[in-house]
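Here are my notes for you, as numbered points. Have the structure open while you read, and look up each residue as it comes along.

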Amino acid sequence: NTDEEIRKELVRVLQLGLVKYVAKTPLSQNIKISYLAPTVSEKITDPWNYWTISLSINGYSIGEKNYRFLNLYGSLSASRTTEMNKLHFSLSSSYNESKYKYDVLELLSVSRGQGFYSSTVFGISDHWSVGLSGNISSSTYSNISLAIGILPKIEYNIFPYQQSTRRELRLNYDVGSKYVRYNEETIYDKKKEILHHHEFSADITLKEEWGSIGLDFSVSQYFHDLKKHRIDIGANILLRLIEGLSLRISGNIARTRDQLSVPKRGATQEEVLLQRRILESHYWYYASLGLSYTFGSIYSNIVNPRFGSSY
C-alpha cells in the first residue's frame, strides 16, 4: 500500500473509534451514519440468446367475371445479431393461381416457388465487412427445377456503422457461382449448367422515429458473356404501426438482359395469357404492400447494418 492509502485507512479507523464517544454527547443529534454497500452488477439472462424470429404472410387477389388471379406468400426467418457479426436463415414459399374463362373455354394455371437462404456476416472495422451467403431454390414459373448458389461478399460503408440509426450509404461487391438445373431445355440449349457471376450495388437509407426510407441500385453480369447483365433500381418505405407490427411499401424497376432460364420451345397462348412461365423481356417492375410481425429476444437491440437488413 502507498503512504496515502495508509493515511486514509488510519483516518477511517479513528473516525469509527470516536463514534461511540460522540454518541454520549449532545453532538450525537447532528450525526448521521450511512452504509455504502458494494456495487453488484445484476446479470441479465436472455432466454432467446439474441435470436429473433419473424413470420410474414402476404396475399392479394384481383379478378372480374372472366379472370381471376390469386397470390399467396409466406416466410419464416431466424436471425442473431451482435455488434460485429450477424447470422440469418430463412424459408419462403409462394403460390400463384390464375383462372381464365371465355365462352365455353376455361383455363386454370398454378405455379409454385420455394427457397432456403442463409448468410453470415463478419465485421472488420467501422467501415468494412465481409460476408458469405448460400441459397437453394426452385420455381415452376422461372423454369428452374433446382438452383444452388454460394456468394462471398465485401462491403464498405461511407458513414461509420455507428451512425446507421440515422443514415447509411453502403457499397457492396460480390462474386460467386451457382449450379442450375432447368425443368425444360433453355433457349441457349442448356438443361443444366454452372454459372459464375458478380454484382455491384449501392444502398442509401435514412431513418426516423416513424420508420425509414431507402433507395438502392445494383448491376450484375455473368462472366461467360458480359452482355448478359441486369440493372435494378428500387425504393422502400417502412412505417411502424405498433410494437412489433410494421407496414412496408416497396417498388422496383429493372432492365433485364440475363434471362438464361427461358424455355427453348417458347410459350403457348395459354401460358402467355395465364402467366404460367417466364418470357423474354427487356424490363421488369413490381410494387408491394405487406404487414410483418416480429417477436423474440427483448434484449436484441443491437444495431448492425452490415450488408443490410436481409443479412
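1. How do strand β9 (residues 211-222) and strand β10 (residues 225-242) pair, and over how many bridges? The two run in the antiparallel sense, with 12 bridges between them. Strands count as paired if DSSP finds at least two bridges between them. For one spot to look at, find G211, which stands opposite L239 in β10. β9 and β10 form a hairpin, with two residues between the strands.

2. Before going on, a word on what you are looking at. This is a predicted model, where local features need a pLDDT of at least 70 and side-chain atom pairs count only at pLDDT 80 or more, while totals for chains, interfaces and linings use all residues. Residues are numbered from 1 along each chain as its sequence is written, and side-chain values use heavy atoms, with hydrogens and water left out.

3. Now the confidence. The score called pLDDT is the predictor's confidence in each residue, from 0 to 100. The protein averages 83, and 80% of the residues score at least 70. Confidence is highest in β6, at a mean of 96, and lowest in helix α2 (residues 269-273), at 61. Where pLDDT is low, the predicted coordinates should not be read in detail.

4. On to the overall layout. The protein has two helices and 12 strands; helices (H or I, at least four residues) and strands (E, at least two) are DSSP runs, numbered from the N terminus. Reading from the N terminus, the order is α-β-β-β-β-β-β-β-β-β-β-β-α-β. Of the 311 residues, 30% are buried, where buried means under 20% relative accessible area, exposed means over 50%, and partly exposed is in between (1.4 Å probe, protein chains only). Contacts are heavy atoms within 4.5 Å. Among the contacts with a separation of 6 or more, 56% are between residues 24 or more positions apart.

5. Back to β10, which also pairs with strand β11 (residues 245-256), again in the antiparallel sense and over 12 bridges. Here G234 stands opposite N252 in β11. The hairpin of β10 and β11 has two residues between the strands, and G244 takes a positive phi near 90° there.

6. Strand β4 (residues 105-123) pairs with β5 in the antiparallel sense over 11 bridges, and the bridge partner of Y117 in β5 is N135. This pair forms a hairpin with four residues between the strands. β5 and β6 also pair in the antiparallel sense over 11 bridges, with S137 opposite A147 in β6. Their hairpin has four residues between the strands as well, and in it N143 takes a positive phi near 65°.

7. What about the aromatic rings? Rings of Phe, Tyr and Trp (its six-membered ring) pair if their centres lie within 6.5 Å; planes under 30 degrees apart count as stacked, over 60 as edge-to-face and the rest as tilted. By this rule there are four aromatic pairs. One of them is W128 with Y156: the ring centres are 4.9 Å apart and the planes stand at 50°, so the pair is tilted. W128 is in strand β5 (residues 128-139) and Y156 in strand β6 (residues 144-157), 28 residues apart, so to speak of this pair is to speak of a link between distant parts of the chain. W128 is partly exposed at 39% relative accessibility, and Y156 is partly exposed too, at 27%.

8. A second pair is W284 with Y286, also tilted because the planes are at 45°, with the ring centres 5.5 Å apart. Both residues are partly exposed: W284 at 39% and Y286 at 34%. R230 lies over the face of W284, at 5.4 Å from the ring centre. (A charge sits over a ring if NZ of Lys or CZ of Arg is within 6 Å of the ring centre and within 35 degrees of the ring normal.)

9. N49 has a phi near 50°, a positive value in a residue other than glycine, and is found in the loop between α1 (3-22) and β1. D189 is not a glycine either, yet its phi is positive, at about 60°; look for D189 in the loop between β7 (167-182) and β8 (192-208).
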